[in-house]
Amino acid sequence: MSKSEPDPKSRIELTDKPDIIREKFKKAVSDFTSTITYSPENRPGISNMIDIHSAFTGLSPETICEQSVNIDTVGYKKVVAEVVIETLNPIQEKIWKFKADDTYIDNVLTQGAEKARSIAAENYRQIKQLVGLK
């Protein structure tokens, strides 16, 4: 999975539905070795999934491999997908809430613009005074 790849199937988007996430992991590149081992040079596909799993859980690749001894790659893809889905769920709920409420985003942008204008005006006043324009 790659965030720089233009194909949307190559990455997990914050707004991907659980079924889409499961499908993307199911189709993720792996190899014919059924054990879960971390070797970025020799097994880049499964190692990438271990890295994702590690990033989402805080577990080390070694710990993940130890916990996955009795799981084959198909099963492991399901495990990683569920970890990602579970972790993204609260974030996705907020995204959908904000998307559903246009006024909230508009209010945040308006308040931010007002605050920025106030800061900029004060900075401009101080700079003018420092360079002797007022």
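Buried means under 20% relative accessible area, exposed means over 50%, and partly exposed lies in between. The model used in these exercises is predicted.

**Exercise 1. The aromatic pair**

Task: Find how many aromatic pairs the structure holds, and classify the pair of F98 and Y104 by its geometry.

Solution. 
- Step 1. The count is one aromatic pair.
- Step 2. A pair of aromatic rings is described by two quantities, the distance of the centres and the angle of the planes.
- Step 3. For F98 and Y104, the centres lie 4.7 Å apart. Their planes make an angle of 5 degrees.
- Step 4. Rings pair if their centres lie within 6.5 Å, and planes under 30 degrees apart count as stacked. F98 and Y104 are therefore a stacked pair.
- Step 5. Now place both residues on the accessibility scale. Y104 has a relative accessible area of 38%, so Y104 is partly exposed. F98, at 29%, also counts as partly exposed.

**Exercise 2. Helices α4 and α5**

Task: Determine how α4 is oriented to α5, and list the residues that make the contact.

Solution. 
- Step 1. Helix α5 covers residues 102–130. Its axis is 4 Å from that of α4, and the packing angle is about 90 degrees.
- Step 2. Angles from 65 to 115 degrees count as roughly perpendicular. So α4 and α5 are roughly perpendicular to each other.
- Step 3. On the α4 side, the contact uses F98, K99 and A100. On the α5 side, D102, Y104 and I105 take part.
- Step 4. Sort these residues by class. Four are nonpolar, none is polar and two are charged.
- Step 5. Link back to Exercise 1. F98 and Y104, the stacked pair, both belong to this helix contact.

**Exercise 3. Helices α2 and α4**

Task: Is α2 roughly parallel or roughly antiparallel to α4, and what is the hand of the crossing?

Solution. 
- Step 1. Helix α2 spans residues 44–57, and helix α4 spans residues 73–100. Their axes come within 10 Å and cross at roughly 30 degrees.
- Step 2. That angle makes α2 roughly parallel to α4, because the cut-off is under 35 degrees.
- Step 3. The crossing of the two helices is left-handed.
- Step 4. From α2, the residues in contact are I46, M49, I50, I52, H53, F56 and T57. From α4, they are T73, Y76, K77, V79, V80, V83, V84, T87 and L88.
- Step 5. The class count for this contact is 11 nonpolar, four polar and one charged.

**Exercise 4. Helices α1 and α4**

Task: Work out the orientation of α1 to α4 and which residues meet.

Solution. 
- Step 1. The axes come within 9 Å and cross at roughly 150 degrees.
- Step 2. Angles over 145 degrees count as roughly antiparallel, so α1 is roughly antiparallel to α4.
- Step 3. This crossing is right-handed.
- Step 4. P18, I21, R22, F25 and K26 contribute from α1. Their partners in α4 are K77, V80, A81, E82, V84, I85, L88 and Q92.
- Step 5. By class, the contact has eight nonpolar, one polar and four charged residues.

**Exercise 5. Residues in and before α1**

Solution. 
- Step 1. F25 sits in helix α1. At 1% relative accessibility, F25 counts as buried.
- Step 2. E23 lies in α1, which covers residues 18–26. With 34% relative accessibility, E23 counts as partly exposed.
- Step 3. D16 is found in the segment before α1. Its relative accessible area is 10%, so D16 is buried.
- Step 4. Leave aside the neighbours within four places in sequence. D16 is then in contact with R11, I21, K24 and Q92.
- Step 5. D16 and Y124 are 108 residues apart along the chain, and their C-alpha atoms are separated by 44 Å.

Definitions and conventions:
Residues are numbered from 1 along each chain as its sequence is written. This is a predicted model: local features need pLDDT of at least 70, side-chain atom pairs count only at pLDDT 80 or more; totals for chains, interfaces and linings use all residues. Side-chain values use heavy atoms; hydrogens and water are left out. Axes are lines fitted to C-alpha atoms, for helices over the stretch in contact, and angles run from 0 to 180 degrees between N-to-C directions. A crossing is left-handed if the near helix is turned anticlockwise from the far one by less than a right angle, and right-handed if clockwise. Contact means heavy atoms within 4.5 Å. Ala, Val, Leu, Ile, Met, Phe, Trp, Tyr, Cys and Pro count as nonpolar, Asp, Glu, Lys and Arg as charged, and the others, Gly among them, as polar. Rings of Phe, Tyr and Trp (its six-membered ring) pair if their centres lie within 6.5 Å; planes under 30 degrees apart count as stacked, over 60 as edge-to-face and the rest as tilted. Buried means under 20% relative accessible area, exposed over 50%, partly exposed in between (1.4 Å probe, protein chains only).
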